[in-house]
Amino acid sequence: MCVAEAPVIDTEAVRLSVLEDADRVESLSVLSGFRADLYDCLTARADALFELTDALLCADGPVRSLVDLTLTAEHRRGHGALYDGLNCGRIEVDRLRADLAALPLPRTDDGRIVLAVDVSPWLRSDAPTSAERLFCHVHGRAKSVSQFIPGWPYSFVVALESGRTSWTGVLDAIRLGPEDDATAVTSDQLRAVVGRLVAAGHWAEGDPDILIVMDAGYDVTRLAFVLADLPVEVLGRIRSDRVLRRPRPPRAPGTNGRPPKHGPEFALAKPATWPEPDQTTTTETTRYGAATARSWDRLHPRLTHRTCWLDHEGELPIIEGTLIRLEVDRLPGDRDPDPVWLWSSATGATAADVDRWWRSYLRRFDLEHTFRLFKQTLGWTRPRLRTPDAADRWTWIVIAAHTQLRLARRLAEDLRRPWEKPAAPGRLTPARVRRGFRNLRATTFHPARAPKPGKPGPGRPPGSKNRRPAPRYDVGKTVKRGLTMAEHQDRKG
């Protein structure tokens with residue numbers, strides 16, 4: 001009698017399949033939970049705003065106008081309900097911020113949380129009836145050409161990942177108003193974000209400090225002083241013409257007179273003032289060639305009673321940190337690289353810390369991919385909304401849509417075009433995940449109720465004129481800070 005042999009079962013393949021199914025179930029559960037929390041945050045016109053978010057996620061191609069979103073199958077209401085939701089709806093932003101902080105957070109390979117902060121403008125040069133516009137700095141197309149265009153600047157805080165990727169976790173967004181000081185608003189924003197992350201359990205006592213990276217334009221030393229009581233390290237780029245001070249030298253015995261407060265100058269543009277670096281590292285990279293980093297410990301700026309330090313009581317502090325000079329062999333596009341100067345609020349850095357800092361700074365440019373996705377694909381700056389409140393609602397709708405794309409990152413299939421290269425599982429770009437989100441939506445939680453039948457209002461009678469023209473608003477800051485102590489004292493009378 002012939003006995004058939006039992007088939008050989010690949011236990012490793014079965015185990016991987018079970019793990020993948022469990023990961024998909026968990027990702028789907030987190031996505032559905034966030035959609036439920038998002039609906040709870042919509043306290044007025046909830047159904048219209050929630051369907052607008054689904055239409056933004058399921059639309060084919062880039063968003064060109066808001067009315068095109070009403071033609072999708074996921075948006076069951078008319079265009080009037082869409083604009084009514086943006087103009088008259090209400091979103092509990094603080095609750096939504098807490099929900100974003102409670103989601104799984106991207107981290108670096110060593111488990112550290114890295115946050116990036118930057119400002120992106122919503123340009124509204126043709127909207128004189130829109131209030132609270134500022135002059136936004138925009139880089140021109142030609143070399144060394146910049147412009148100032150009226151618009152609404154928004155400050156974003158995101159969590160970064162390791163490696164080359166276009167994914168970021170958006171945690172907060174604040175619109176800068178005419179009366180706001182950029183440094184003060186940024187410090188309050190970062191303090192609130194770190195507090196929510198600690199409350200959500202992402203950071204505990206004994207964990208490595210949260211690293212905050214920023215580009216030039218921020219007063220990195222001021223932010224390091226204001227956020228000194230938080231478990232954070234501040235890293236930012238500084239101009240190449242800055243002059244810092246080295247630590248105060250030890251006082252020689254028998255020296256008379258007042259002891260110096262600062263050490264010798266360290267002029268970034270004068271190599272003759274540079275001492276021997278404390279750390280020097282060289283790393284071979286595939287994109288930039290050899291990257292050489294030199295660091296000097298305990299360098300600080302010499303502060304004066306001007307600008308943001310006018311109201312400081314008592315003696316001005318000495319804010320010491322680590323200065324880093326990064327040089328690379330080449331840049332993409334055969335461009336000549338200029339050295340980059342970075343300043344970190346941490347002192348006593350090792351060679352591993354220096355490498356980690358400049359690599360984290362390069363990861364800051366992943367935020368630019370998020371801005372491009374917001375503007376070119378999700379249509380963040382496409383609507384011609386009049387009021388800044390409506391612009392804030394639309395901004396948070398875009399952030400909620402991007403968050404759902406991030407949560408569906410491991411669930412979406414690669415619906416690539418014939419001319420596109422295949423992508424590995426889990427390596428899809430946000431635009432490709434959005435392409436397949438319509439198939440995922442049917443398996444998630446969608447609480448929006450069906451619309452009730454209705455008819456449009458009568459509108460303005462034909463031939464009548466608008467007797468209530470919209471008011472015009474000036475552009476720019478309404479509160480200016482004195483540059484010197486004399487101006488500050490004269491203002492106080």
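Arg 191 is partly exposed, with a relative accessible area of 29% (partly exposed lies between buried, under 20% relative accessible area, and exposed, over 50%, with a 1.4 Å probe and protein chains only). The model is predicted, so that local features need pLDDT of at least 70 and side-chain atom pairs count only at pLDDT 80 or more, whereas totals for chains, interfaces and linings use all residues. Residues are numbered from 1 along each chain as its sequence is written, and side-chain values use heavy atoms, with hydrogens and water left out.

The side chain of Arg 191 meets that of Asp 229 in a salt bridge at 3.0 Å, N to O (a side-chain nitrogen of Lys or Arg within 4 Å of a carboxyl oxygen of Asp or Glu). This pair links distant parts of the chain, with Arg 191 in helix H6 (residues 182-199) and Asp 229 in the loop between helix H7 (220-226) and strand S8 (232-238), 38 residues apart (helices, H or I of at least four residues, and strands, E of at least two, are DSSP runs numbered from the N terminus). Asp 229 counts as exposed, at 56% relative accessibility.

The structure holds 33 salt bridges. In one of them, Asp 54 and Arg 35 meet through their side chains at 3.0 Å, N to O; Asp 54 lies in helix H2 (residues 46-58) and Arg 35 in helix H1 (residues 11-41), so the pair ties together parts that are 19 residues apart in sequence. Asp 54 is buried, with a relative accessible area of 1%, and Arg 35 is buried, with a value of 0%.
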